[in-house]
Amino acid sequence: MKLASLNVGRDGRLVVVSKDLSRQSDASAVVPTLQAALDDWERHAPALRALSERLEQGALPGAPFEPERCAAPLPRAYQWADGSAYVNHVELVRRARNAELPASFWTDPLMYQGGSDGFLGPRQPIPLADEAWGCDMEGEVVVVTRDVPLGATREQGLDAVVLVGLVNDVSLRHLIPGELAKGFGFFQSKPASAFSPVFVTPDELGPAWREGKLHRRLEVFLDGQPFGRADAGVDMTFDFGTLVAHAAKTRSLCAGTLVGSGTVSNRGPDGGPGKAVSAGGAGYSCIAELRMVETLQDGAPRTPFLKRGDRVRIEMRDEAGSIFGAIDQVVGG
C-alpha cells in the first residue's frame, strides 16, 4: 500500500493513495497520523491495507491525489539516522576535502543523527539564507522501521522495515569542513530534509526490493535537465538490514525511525568515477560528486552549487510510472 500525509497540523493527516498515485482516501477513521499507525503497526496495518484495497477496487470514494498538498509522510519523527551506504560517494566527497578514506569505511557503516523535529514536504522550497554556504541536493532512498530491539541482527533490522521512500538530504557543503574539524559531527551543515509524497510498503516494490536493497534507478533532475540515473541497488556496500542493525547496536529504535541510504552513487564501468548523464553515464545524485569528477579531470570544479531559483526533482519509476511521486523543490530564500 501507499501512504501519504496531508499538510494539516504538525503531524499531518494520513491518507491511503492508489497505486497509480491518482486518488487518495482519508484514513482518519482507522488512524489519524502515520506516526500513530507506526506506534501500533501490527494492529493498524491490516485495516489500512483493507482501505487501500477498497480504494484500488473503486469501492471507496476517493479524491484526486495532489502532492502539492502533502507534508512529508512523517512531518516530524522521533529519529532520523542517515547512513552512507555507497562508499563510492564517500570516497569522492572526501577527496574533495583532501581527506583519506580509512579502510574501515568498507566494513563499518558511516551514520549520523540528523534533525528530525521538522521535515520539508515534497513541494516545499529549499530554504537558503546564503548561497555562499554551498547548497547541494542529495538523492537517497529511506526506510521507516517499527520498534527495533537493542542489538538487533541484520535479519531483525530488515524485518523491521515497514515503509520505503525517497529523500532529498540537503547539505551545505561549505559549512561541512569546519564542523567536522571540530570532531563533533554535522549540525548547521545539515538543514531540513525533504521526503517523497508517499511512502510504500516493501511488497509494493515487487522483485525490485531484494537483499535489503531497492533495485531501481533514482532519477535526479536539475533545472529540468537529467542529472542522475544511478541504480540504487548497485554499488550499495551496506544494505538496509545492516544499516538498521548498525543504528541499533547500542540502543533500541522506536517505531517511526527513519534510516537513510546516503547519496545513491554508481561507479563507472571501469570501476572509477562515473560519467555524467550527458556523456552516457549514470550521472550523479548530488553536485559534490560531479565537482569532484571535474576536479580529477580538469584540475578544478566547474559546476556551481545550488542558487536561489534552481529547481531539483528526485523520482523513481517502475514499468507503471512513478512509485513514490516526485520531490520537486525550488531553492528559495
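## Thr263 and its polar partner

The side chain of Thr263 sits 2.2 Å from the side chain of Glu138 in a polar contact (a pair of N or O atoms within 3.5 Å; within protein, one must be able to donate a hydrogen and the other to accept it, and residues adjacent in sequence count only if both atoms are side-chain atoms). This is a predicted model, where local features need pLDDT of at least 70 and side-chain atom pairs pLDDT 80 or more, while totals for chains, interfaces and linings use all residues. Residues are numbered from 1 along each chain as its sequence is written, and side-chain values use heavy atoms, with hydrogens and water left out.

You'll find Thr263 in the loop between strand E17 (258–260) and helix H7 (287–298) (helices, H or I, of at least four residues and strands, E, of at least two are DSSP runs, numbered from the N terminus). Thr263 is buried, with a relative accessible area of 1% (buried means under 20%, with a 1.4 Å probe and protein chains only). Setting aside residues up to four places away in sequence, its contacts (heavy atoms within 4.5 Å) include Tyr86, His89, Ser285 and Glu289.

## Ala85, another buried loop residue

Ala85 belongs to the loop between strand E5 (80–83) and helix H3 (87–96), and its relative accessible area is 0%. Beyond its neighbours within four places in sequence, Ala85 touches Asp235, Met236, Thr237, Phe238, Leu243 and Ser261.

## Helix H6

Leu243 is also one of the buried residues of H6, along with Phe240, Gly241, Val244, Ala245 and Ala247. With 6 of its 8 residues buried, H6 (residues 240–247) is largely enclosed by the rest of the structure. Those buried residues pack against several elements, including strand E8 (139–145), helix H4 (154–159) and E17. At the start of H6, a side-chain oxygen of Asp239 comes within 2.8 Å of the backbone nitrogen of Gly241.

## Nonpolar cores

The largest nonpolar core has 64 residues, and Val141, Val164, Leu214, Met316 and Phe324 touch the most other members (a core is a set of buried Ala, Val, Leu, Ile, Met, Phe, Trp, Tyr and Cys residues joined through side-chain atoms within 4.5 Å). Apart from it lies another core, of 30 residues, among them Leu3, Leu51, Tyr112 and Val162.

## Arg291 without a bridge

Arg291, in helix H7, is buried but has no salt bridge (a side-chain nitrogen of Lys or Arg within 4 Å of a carboxyl oxygen of Asp or Glu). Glu294 is the nearest side chain of opposite charge, 6.0 Å away (Lys and Arg count as positive, Asp and Glu as negative; His and the chain ends are not counted).

Key:
Buried < 20%, exposed > 50% of the residue type's maximum accessible area, 1.4 Å probe, protein only.
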